[in-house]
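Colleague: Before we go through the cavities and the helix packing, could you explain the terms as you use them?

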Amino acid sequence: MAELTYRDAVARGLAQEMSRDSDVVLIGEDIAKAGGVFKATVGLYDQFGPLRVRDTPISEQALLGAAMGAAMTGLKPVAEIMFSDFLAVCFDYFANEIPKSRYMTNGQVKVPLVVRTGNGGGSRFGAQHSQSVENWCMMIPGLKVVAPSTPYDVIGLMAAAIRDPDPVIFFEHKSLYATKGEVPDGEIVDQLGVAKVVRPGKDATILALALMVPRAIAAADRLQAEYGINCEVIDVRSLLPLDTKTMLSSISRTSRLFTVEENPRLCGWGAELVSIAVEECFYDLDGPPVRITTPHIPLPSAAVLEDLAIPSVERIVETVRKSMAA
Amino acid sequence: MNEEAAAVSPSQETQLRIYRTLVELRETGQKAHDLFLQNLVKGTVHLSLGMEGIAAGCAAAMKPGDLTFCTYRGHAHTLARGTSIEKVLGELMGRDNGLLRGKGGSMHLTSVEHGVMGSYAIIGAHLPIACGAAWRAQYKGASDISVCFFGDGTTNIGAFHEALNFAVVWKLPVVFVCENNLYMEYTPIADVTAVAQPAADRACAYGLDRILGDGQDADAVYRIAKTAFDKARSGGGPSLLEFQTYRFSGHSRADPAKYRPAGELDYWRDSRDPVKIYRKRLLDLGVGENVLAYIDSETQRIVDDAAEKGKAAPFTSTDILMTDVYADGGSAWRN
Ligand SMILES: Cc1ncc(C[n+]2csc(CCOP(=O)(O)OP(=O)(O)O)c2C)c(N)n1
Ligand SMILES: [Mg+2]
């Protein structure tokens with residue numbers, strides 16, 4: 001057991017998989033000697049050498065396209081897109097090329113790769129380096145999408161993503177890189193498509209992802225202490241595949257549903273979950289499902305503005321309290 | 001012919017193979033056109049009629065195991081690697097005997113067993129993908145090369161430039177082949193391009209040689225391609241080739257190609273037809289008319305037969321609608 005940062009967990013997860021499979025190779029901008037702009041790949045160049053940890057030009061299309069071509073022909077590339085906002089300049093690859101090839105070719109072409117990317121706000125970087133864009137990926141058939149919230153999950157889901165035969169987009173949250181968590185020694189391998197109940201409760205279900213998970217837990221603790229409302233918090237972890245079983249069974253038990261989403265309001269993952277819950281356990285609900293999201297705006301840079309935009313512990317507490325009292 | 005040129009020139013056996021390929025591509029293209037007019041092929045079809053010299057010459061210079069990446073205008077390149085004509089025509093008709101059982105269609109022909117790693121319908125997307133396949137070969141020390149075909153218009157999209165720089169910096173065993181047929185869709189390439197030769201004139205920007213060839217002469221294509229392929233295979237890095245060519249039909253089946261100046265098509269069809277040019281060459285080299293006539297009629301028979309099999313085949317099974325989205329064979333996104 002050791003305490004590890006989320007950032008170091010990324011490197012440890014990658015190292016774990018690179019040690020067991022020489023087909024696992026890393027590419028990205030500044031990831032090799034420099035160790036990545038978020039320092040999430042520090043040490044890997046020294047450990048695995050220049051052929052397995054390779055810098056690319058600032059060419060996101062070439063980078064993702066090359067990862068795809070390599071994956072199609074036998075490697076297991078892990079490509080880094082530095083900030084998830086930059087997925088927009090190589091959208092074709094994860095919208096049209098990577099996810100559709102297996103289907104279009106009647107199963108001939110397989111694309112087992114992982115795209116890691118720094119996602120989310122809280123770093124005062126402004127609108128083009130701060131978005132939560134997991135919904136850009138969740139809407140695409142053929143992809144798998146995960147977003148871990150703890151160092152332990154980072155390692156286990158990284159291993160699962162790399163070992164998975166399908167393309168996986170792996171969202172690392174920039175504001176979690178410095179956070180710490182307990183991580184056991186030895187190999188850690190998790191499973192895609194499994195949500196986790198991180199705080200059991202009986203009065204309401206709160207679904208959260210990535211940075212919103214610790215905030216939802218903190219809010220649940222306050223709701224319990226200050227208002228006697230006992231919330232169950234579920235870390236969604238995997239948007240594709242989606243563990244609806246775990247979530248629906250919790251919602252049926254608590255009869256209330258809240259989602260805490262960092263993405264701008266429209267078409268956030270919570271909308272899909274609310275729609276599933278309404279279709280499939282409507283009669284178990286005691287009140288309307290409520291989505292707590294960033295408003296539908298580009299993210300501002302100034303601390304006071306950004307903090308107001310992204311769901312905070314206070315906003316979660318207030319929203320849940322009011323809705324439960326109504 | 002000097003010694004160097006002789007080393008990369010096709011043997012007579014190879015020349016006969018090239019001729020057969022040319023005829024197969026021509027006849028299959030013509031058949032696809034006919035089937036479309038009979039309403040047996042839906043959607044769209046982008047033919048390579050008139051452009052077969054590039055596909056035939058390049059394929060003859062490739063080795064088994066080499067990888068082909070092509071565009072939506074990919075029938076010729078797919079067939080030139082040995083993919084079954086019957087499966088290709090079946091795919092165009094949405095039949096169960098189709099190459100992709102109707103899941104891909106005309107623009108996405110793929111035959112991994114023949115090294116055809118896909119036909120890509122987003123302009124430029126496959127150049128980086130070919131780089132990746134070449135990177136795998138480099139990483140694993142494999143001897144295959146990746147060959148990526150695209151049009152003149154493709155030289156104006158970002159992925160082209162990203163891929164070229166990337167391939168050169170990583171010294172990848174990939175060869176980029178531009179088929180300059182003078183038009184990007186309905187617009188003359190000269191109207192939208194900063195340089196006269198869209199690929200060749202840009203090679204210097206990536207430290208590559210300016211290589212321009214006659215795409216209507218399959219032997220010239222073979223020699224240029226073979227030189228570039230040998231270089232890539234022996235660790236010499238990528239090349240960018242541009243071949244001048246012309247399509248005899250419109251951009252796709254929806255295009256009557258009215259934008260072409262009077263006489264242009266006649267000129268290319270009458271004096272620059274790659275099949276006619278090659279046939280005459282072989283006759284001049286002493287190959288018997290009867291040998292070529294046999295290839296002609298035999299190919300005609302195979303293509304006719306393939307079309308009839310496709311027409312007789314059932315439409316593809318609707319059971320496959322939800323299969324092969326994910327590696328487990330299905331499309332489940334939730335439990
Ligand atoms: C990104 C993108 N933009 C536009 C198109 C529409 N489009 C299809 S083919 C084509 C022309 C391509 O011209 P060229 O590269 O010269 O190839 P050719 O069709 O002549 O073989 C265009 C504009 C597309 N498929 N993808
Ligand atoms: Mg063109």
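Modeller: On a 1 Å grid over the protein atoms alone, a cavity is a set of points where a 1.4 Å probe fits but cannot get out, and lining residues have an atom within 4 Å of a point. This is a predicted model, in which local features need pLDDT of at least 70, side-chain atom pairs count only at pLDDT 80 or more, and totals for chains, interfaces and linings use all residues. Residues are numbered from 1 along each chain as its sequence is written, chains are lettered from A and ligands numbered from 1 in the order in which they are written, and side-chain values use heavy atoms, without hydrogens and water.

Colleague: What volume does the largest cavity have, and which residues line the largest cavity?

Modeller: Its volume is about 70 Å³, and the lining consists of Leu25(B), Gly29(B), Leu47(B), Ser48(B), Leu49(B), Glu52(B), His75(B), Ala76(B) and Leu79(B). Three of the lining residues, the largest share, come from α4(B).

Colleague: Why is α3(A) called oblique to α6(B)?

Modeller: The axes of helix α3 (residues 60-72) of chain A and helix α6 (residues 126-140) of chain B cross at roughly 50° and come within 6 Å. Angles under 35 degrees count as roughly parallel, over 145 as roughly antiparallel, 65 to 115 as roughly perpendicular and the rest as oblique, and therefore α3(A) is oblique to α6(B).

Colleague: Which residues of α6(B) does α3(A) meet?

Modeller: With contact meaning heavy atoms within 4.5 Å, the α6(B) residues are Pro128(B), Ile129(B), Gly132(B), Ala133(B), Trp135(B) and Arg136(B).

Terms used: Axes are lines fitted to C-alpha atoms, for helices over the stretch in contact, and angles run from 0 to 180 degrees between N-to-C directions. Helices (H or I, at least four residues) and strands (E, at least two) are DSSP runs, numbered from the N terminus. On a 1 Å grid over the protein atoms alone, a cavity is a set of points where a 1.4 Å probe fits but cannot get out, and a pocket is an open set with protein on both sides within 12 Å along at least five of seven lines; lining residues have an atom within 4 Å of a point. Grid points are joined across faces, edges and corners, and a volume is the space filled by probe spheres set on the points.
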